Amino acid sequence: MSVSLKDEIIQEVEKRRTFAIIAHPDAGKTTLTEKLLLFGGAIREAGSVKARKASRHATSDWMEIEKQRGISVTSSVMQFDYNGHRINILDTPGHQDFSEDTYRTLTAADCAVMLIDVAKGVEPQTIKLFQVCSQRGIPIFTFINKLDREGKNPFDLMEELERVLGIRSVPMNWPIGMGRDLCGVYDRMKNQVELFNGKDHSTIEVRKVDDYNDSIIREMAGDFLTDQLIADLELLDVAGDQFDLEKVSRGELTPVFFGSAVNNFGVQTFLENFLQLAPKPTPRKSEDGIIEPTSEKFTGYVFKIQANMNPAHRDRIAFLRICSGRFDRGMSVKHVRAGKDIKLSQPQQFLAQDRDIVESAYPGDIIGLFDPGIFRIGDSLSQGGNVVFNELPTFSPEIFAKVTIKNALKQKQYQKGIDQLTEEGTIQVFRTISFDDTILGVVGQLQFEVFEYRMRAEYGVEVQLQRMTYQFARWIIDDNIDPSKFRINSALVKDKKDNYVVLFENEYAMRTAMEKNPTAKFLDTAP
Ligand code: GDP
């Protein structure tokens, strides 16, 4: 008996988990990703992801900046199977390569894994990425890494999560010792211990225990660590938060796991627990209400466009998150903004850097569509309908530069380039009221580099960027705006839709302006 399309979609949705790993550079994201892929058999050797990271410059396929810096400018997607699940990991680029794309990629994830270095705790980039996830109210799972090194006290780390990120935490396991004394972790959910062998850095055994004072722990860890463990666990039982899946689902409580990615310690337990607790592809909001993933009609939206993966061909790949239905290669769908039907004949999926052609895909999956220039970030595709998703928020720029053209004769191409790159979401553009200067706003320095590069490569225009001292942008809603009020450590500008925006040099200037204009509304992003 053949399975109906509906049942097939329900089954596939049930299997899927789509998430992003958020971390500050060096916390171990590449290492953890690699271990996860190894469990899924998606890569054969340890070191492949790492090698990819290091040898990117060797591949001719990536844009010049990537080659020069050996980084992935835009993030890719990795898919693997484990224990009947199909897992999509969205790779969010790290430090210098941070950009609005990083934030947008997070909208395509149904939950996030927050990776923290036990010695460093919550770091700046973790905070930024966390905030974007937190605004969406998605579940966040925490993996505290590098337990084989001396680090912060676990209670202090939990306190830090609450103080810095405002999220409560519930440890799913608890370290027995740390650094050179690391003996293992105590699994609070299953009442078992996973024992770590410090000599050859491996897991030696997973054992059920009767209680906290089990002899196996005492034998392995000695009296001092065992007594401390018992005291810690008893304190957690009495004073800690109870595990509560509802709260986890709403992103109010983060389950915390301790381990060591490079030693593959605690990673498998983490993966298994994570797969049980993480949400399957979630319903998504559209202009006409909620779209259930199990709806038979295919829908999705473009969250990222990767330009110039191959400079020789100028091809672009539009990354689409499938929200409902089944994707079949060659299917026709409506490109809602353009108001016409298009055929999806060349979709690609990305495992690491290899491109595979996909025949079918389901909600939660990400497909890369060949883009001859018809897509914009945020575009919705919908089968036999006009579903429009509003998943993509805009982000408040934090870095600003004045842009000028080097050769005035290229004015026309320059304007065209700015218009198109703004539309694509590469940069945000502002104009000063007084001199009609053009100011670019971004969230990551890399966006400037991509802008400069693409202006030169695609529009033949050399531009000059001059960094400005502004740090904040606020959109102002005020019936009687008075430009003279925004002069000190700030500048009044307009965005491309002629909304008033004030750029501030520091928080003090911003607060003062707010106090002086009590009737005006100051918004982080465009209204
Ligand atoms: P990313 O920048 O977040 O992708 O971090 P990497 O995965 O490249 O890791 C950064 C460094 O931390 C590398 O030298 C790793 O070998 C190291 N590392 C990763 N996990 C662990 C761990 O569990 N323990 C220790 N001691 N080092 C680790």
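Val185 has Glu194 in β9 as its bridge partner. The two strands concerned, β8 (residues 184-187) and β9 (residues 192-197), run antiparallel and are joined by 4 bridges. Strands are said to pair if DSSP finds at least two bridges between them. Helices (H or I, at least four residues) and strands (E, at least two) are DSSP runs, numbered from the N terminus. Between β8 and β9, which form a hairpin, there are 4 residues, and Asn191 in the turn has a positive phi of about 50°.

This is a predicted model, in which local features need pLDDT of at least 70 and side-chain atom pairs count only at pLDDT 80 or more, while totals for chains, interfaces and linings use all residues. Residues are numbered from 1 along each chain as its sequence is written.

A second hairpin is formed by β29 and β30, again with 4 residues between the strands; here Asp498 in the turn has a positive phi of about 70°. β29 also pairs with β25 in the antiparallel sense.

| Strand | Partner strand | Bridges |
|---|---|---|
| β8 (residues 184-187) | β9 (residues 192-197) | 4 bridges |
| β25 (residues 428-432) | β29 (residues 490-495) | 3 bridges |
| β29 (residues 490-495) | β30 (residues 500-504) | 5 bridges |

The protein chain as a whole has 13 helices and 31 strands. Its domain assignment, with bounds from an automatic or database source, gives domain 1 (5-176 + 242-277), domain 2 (284-382) and domain 3 (399-523). The C-alpha centres of domain 2 and domain 3 are 31 Å apart.

Of the 527 residues in the protein chain, 44% are buried. A residue is buried if 20 or more other C-beta atoms lie within 10 Å of its own, exposed if 12 or fewer, and partly exposed in between, with C-beta atoms placed from the backbone. Among contacts between residues at least 6 apart in sequence, 69% join residues at least 24 apart; a contact requires C-beta atoms, placed from the backbone, to lie within 7 Å.

Helix α5 (residues 100-107) is largely enclosed by the rest of the structure, because 8 of its 8 residues are buried. Among them are Glu100, Asp101, Tyr103 and Arg104.

Met114 is in strand β4 (residues 111-117). Met114 counts as buried because 24 other C-beta atoms lie within 10 Å. Apart from neighbours within four places in sequence, the contacts of Met114 are Ile22, Thr126, Phe130, Ile140, Phe141 and Thr142.

Around the ligand there are 17 residues, the closest being Gly28, Lys29, Thr30, Thr31 and Ser260. Helix α2 (residues 29-39) supplies the largest share of the shell, 3 residues. By type, the shell has 5 nonpolar, 7 polar and 5 charged residues. Ala, Val, Leu, Ile, Met, Phe, Trp, Tyr, Cys and Pro count as nonpolar, Asp, Glu, Lys and Arg as charged, and the others, Gly among them, as polar.

An unreviewed UniProt entry lists Asp91, Thr92, Pro93, Gly94, His95, Asn145, Lys146, Leu147 and Asp148 under "binding site"; such annotations may be inferred rather than shown by experiment. Lys146 lies in the loop between β5 (140-145) and α7 (154-165). Lys146 is buried because it has 25 C-beta neighbours inside 10 Å. Not counting residues up to four places away in sequence, Lys146 touches Gly28, Asp117, Val118, Ala119, Gly151 and Ser260.

Key: Two residues are in contact if their C-beta atoms, placed from the backbone, lie within 7 Å. A residue is near a molecule or strand if its C-beta atom, placed from the backbone, lies within 6 Å of it.
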